[in-house]
Number of protein chains: 2
Amino acid sequence: MDGVVVEDVGLAVEAGMITEVSRPAPGALPQPATVSGITIPRFANCHSHAFHRALRGHTQTERGTFWTWREQMYATAAELTPDSYYALALDVYAEMVATGIGAVGEFHYLHHQPDGTPYDDPNEMGRALLAAADAAGIRIRLLDTCYLASGFGTAPEGVQRRFSDGDAERWAERVSAFDDDRVGAAIHSVRAVPRDQLGTVVDWARERERPLHVHLSEQVAENAACVAAYGMTPTQLLAEVGALGPLTTLVHATHLTPEDIALIGQARSFVCFCPTTERDLADGIGPSRELHDAGARLTLGSDSHAVIDHFEEMRAVELNERLRSQVRGHWSAAELLDAAGPTGHASLGFDDTGRIAVGQRADLAVVDLGSWRTRGTGASAETIVFSATAADVRLLP
Amino acid sequence: MDGVVVEDVGLAVEAGMITEVSRPAPGALPQPATVSGITIPRFANCHSHAFHRALRGHTQTERGTFWTWREQMYATAAELTPDSYYALALDVYAEMVATGIGAVGEFHYLHHQPDGTPYDDPNEMGRALLAAADAAGIRIRLLDTCYLASGFGTAPEGVQRRFSDGDAERWAERVSAFDDDRVGAAIHSVRAVPRDQLGTVVDWARERERPLHVHLSEQVAENAACVAAYGMTPTQLLAEVGALGPLTTLVHATHLTPEDIALIGQARSFVCFCPTTERDLADGIGPSRELHDAGARLTLGSDSHAVIDHFEEMRAVELNERLRSQVRGHWSAAELLDAAGPTGHASLGFDDTGRIAVGQRADLAVVDLGSWRTRGTGASAETIVFSATAADVRLLP
């Protein structure tokens, strides 16, 4: 079509797939099926920890850093059962659906019972998440996460015993037994998986052509510990073990060296920014544009769910750059829509959604142009990215 | 009462004023009049340029700075008539009312006809704003703004002719003839009012005990030009002419020296931060906490109305500090509610609103605790500041 936003478009849909995109003569569209507002493909939420939603509003009272916040998060993790995890995730995924999100990448590491013993079905917690996604009506990529160490050379402790499979081989055995092609892989971080075991996770994902996601350099302290342990940055370590590649997503990528940025760009990896979480946790502002210009592909996630609003995530990428540089216009609205939509879906391994085109899933939502926020702002990509909020999403009947 | 948020409160209201605040026995509140959610005093929006709302969604396509954005804003200003100004302001003020704002400080400088000739009533444009506020049901402090120069030693040009009264004496004559006690004073900036005329505006406001507002140091370039012209910072210049004081509000206060911060704090002036505009215009992050700790009193404004959402303004003060410092917990939710509420109202000269207490106006709104954003987050100040949005405001019947 002509531009980012096109007026008076006719869609034919069969079995959930778009079979025709047309420009009917004015008045020719059947009125009962006409939708007013801007119709958009539903977004991809590429980084979710569903259970963090329980912390919303409850973790804003203390002074501290990411690390003190993590203590509160662990207290929540310690209490979850398969049933309560299902109920919580169902609520979170329903909020995503209501706010225009059509697919979620769930970065899942809460695998075992509180003392570290596997459940009778060792994938029971993961299955609870898949069931919650089904019940909420959202597509899911379950990024089953390998988490083996509390820090560089430190065994899991406390609630972290719920996360650990013992070693990467046993992680791979468990995940292979999952037997659901919605399962992808994740390395929690270079902190949490020792250097000599990273390759096992990388190979598991590559052999199956499944997405591989990794938390990367969210915190300065993590970088320093990695350099102390291995004499290289987390990005250099991931490059060394072959973890960077076109089906890899690096989550956060906040504190990078120029060499890190070049390595990620050369690999054509995805970088998943989570701006509303990164500001909430005082992580800092990552080099989004430098990564893009080096060849990396931007995606977005709501991560801790302090906020679930992909409009906020999109505009925060640009607005954070403005705050830092005192210049406007780093990211266009069209680029940010691409990050929230088709690029995001691709990073989850979904290539059949994110665009309004023949052969794509008819997975659509509508942005209301008549709300207090959007009225008079024009039917444009800029209105979607800079004026609308989650509250302006209308679901199709 | 006991805390920031108190459960099961009974209010008696007569003629719009709160006459009793009580804690009835459980079940004793009459059901038809029970309100669920968190009842809050409506906010004060201390810095508004109503006509900038027309730019929302339309100024996000270009690379540039505050100064290139200003060209688009001037193009809008050039076209307004009293009638269209009224219609636009009515819409903006209605949006404020719908989102929980009860009072607005309108920083008004669009005084004259396009060629600079006064209207038959030289206050016709200001009266249009007062009428719009009345129609929308919002309290207004019309900050009638003195604007005499395009820059240091430069005459007004183009649309700026609409802003200028020629000199400060004629500004004072016009404003004195306004004859409406809702009118306060503003100095557009130290750029726009020459040094030897600042005192006239200061005196006008002080004699009448009316609020005085000033744009201060939003841009680094403005500071540099002031130092070049006068050998001192804008804050030093305002201090020299006696413009700092307890009824003065300094708007933005983004780029300050430690001495500037000390001067503002010693004067107990208000500082009005406009975070959603300051990020939109790439102004930067001002030293909110340092100003507070020096004695200044924080207020909030939506300024250009790229966003009208005082929940966003509140949390952005804290979240911007987190982005800059990589530490959490600079501002408590209670402090931010105070900035958005009673402190803000005081900066507009309104001391009878902003608190739920006997003798205060019953100017209240309700934050819905059952929305996707707020459910499960707790009836707390933190929920209001960090979880709710403008879309969660419910007006009282």
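**Close-up views of a two-chain model**

View 1. The model is a predicted one.

**View 2. A:Asp181 lies in a loop of chain A.** This loop runs between helix H4 (168-176) and strand S7 (183-187). A:Asp181 is exposed, because its relative accessible area of 59% is over the cut-off of 50%. Leaving aside residues up to four places away in sequence, A:Asp181 touches A:Arg141 and A:Arg210. A:Arg210 is 29 residues from A:Asp181 along the chain, and their C-alpha atoms are separated by 8.7 Å.

**View 3. B:Phe152 and B:Tyr230 form an aromatic pair.** Over all chains, 22 aromatic pairs are counted. The pair of B:Phe152 and B:Tyr230 is edge-to-face, with 5.7 Å centre to centre and 75° between the planes. B:Phe152 is in the loop between strand S6 (139-146) and helix H4 (168-176) of chain B, and B:Tyr230 is in helix H6 (residues 220-230), so the pair ties together parts 78 residues apart in sequence. B:Tyr230 is partly exposed, at 22% relative accessibility.

**View 4. A:Arg139 sits over the ring of A:Phe350.** The charged end of A:Arg139 is 4.0 Å from the ring centre. In chain B, B:Arg139 lies over the face of B:Phe350, at 4.0 Å from the ring centre.

Key: Residues are numbered from 1 along each chain as its sequence is written. Chains are lettered from A and ligands numbered from 1 in the order in which they are written. This is a predicted model: local features need pLDDT of at least 70, side-chain atom pairs count only at pLDDT 80 or more; totals for chains, interfaces and linings use all residues. Side-chain values use heavy atoms; hydrogens and water are left out. Helices (H or I, at least four residues) and strands (E, at least two) are DSSP runs, numbered from the N terminus. Buried means under 20% relative accessible area, exposed over 50%, partly exposed in between (1.4 Å probe, protein chains only). Contact means heavy atoms within 4.5 Å. Rings of Phe, Tyr and Trp (its six-membered ring) pair if their centres lie within 6.5 Å; planes under 30 degrees apart count as stacked, over 60 as edge-to-face and the rest as tilted. A charge sits over a ring if NZ of Lys or CZ of Arg is within 6 Å of the ring centre and within 35 degrees of the ring normal.
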